Amino acid sequence: MPVSRQIKTVIRVGPGGDAVTAGIRKARKAWDEYQANAEFSRDAVYGYLQVVFDIIQGWKREGVADEYTLKALKQHDFPIRMKADPFGRLIYCSTGTWDNPQMRSKWANVMQWVAKHNKKARSFTEFVTKNGGLNKCADLARDGFGPDWT
């Protein structure tokens, strides 16, 4: 999915609906789209990561990110014990049988770094790509540096 054509969707939960299930479903759909396009575009992952970032940031604004992601782990009987942050938990819950702890950790660390430094509320994808991509942002986050571009 080209970066310029990404569309932001809203999680709609009806009366009595479950925001956790809706969030996981939305992230899972983005994961499936990423998997379908990964061999054609190395930037395909940004669509998935953007969705995860937006869901967690929305839950953080509501003050429920930890609660909801812990509920997601319990709700789906995931057999993992993790001290991960909400980003890592949602990645874990939405990627099905794929389990790559190093990649999950890298993506979660970049998301934490973007959440901390993205003061102008730019999209996750724009912020990361303007700062050199996932690998460069992972290095900046690991080394404790701020972004080159804000």
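**Buried positions and helix packing**

User: Is Ser94 buried or exposed in this model?
Analyst: This is a predicted model. Ser94 has a relative accessible area of 0%. Buried means under 20%, so Ser94 counts as buried.

User: Which residues does Ser94 contact, leaving aside its neighbours within four places in sequence?
Analyst: Ser94 sits in helix α4. Neighbours within four places in sequence are set aside here. What remains is Ile24, Ala27, Arg28, Trp31 and Tyr48.

User: Which element gives the most residues to the largest nonpolar core?
Analyst: The core has 41 residues. Tyr48, Trp107, Phe124 and Leu134 have the most contacts inside it. Two or more residues come from each of α1, α2, α3, α4, α5, α6 and α7. With 10 residues, the top contributor is α2.

User: Which residues does Phe124 touch, leaving aside its neighbours within four places in sequence?
Analyst: Phe124 is among the residues with the most contacts inside the largest nonpolar core. In soluble globular proteins, nonpolar side chains tend to be buried together. With sequence neighbours within four places left out, the contacts of Phe124 are Tyr46, Leu49, Gln50, Phe53, Val110, Met111, Val114 and Leu134.

User: What is the phi of Ala121?
Analyst: Ala121 lies in the loop between α5 (101-117) and α6 (124-130). The residue is exposed, with a relative accessible area of 67%. Ala121 is not a glycine, yet its phi is positive, at about 55°.

User: How many disulfides does a search of the whole structure find?
Analyst: Cys93 is buried, at 6% relative accessible area. Cys137 is buried too, at 0%. A disulfide needs a pair of cysteine sulfur atoms within 2.5 Å. Across the whole structure, the number of disulfides found is zero.

Definitions and conventions: Residues numbered from 1 in each chain as written. Predicted model: local features only at pLDDT ≥ 70, side-chain atom pairs only at ≥ 80, totals over all residues. Heavy atoms only, no water. Helix = DSSP H or I, 4+ residues; strand = E, 2+ residues; numbered from the N terminus. Buried < 20%, exposed > 50% of the residue type's maximum accessible area, 1.4 Å probe, protein only. Core = buried A, V, L, I, M, F, W, Y, C linked by side-chain atoms within 4.5 Å. Contact = heavy atoms within 4.5 Å.
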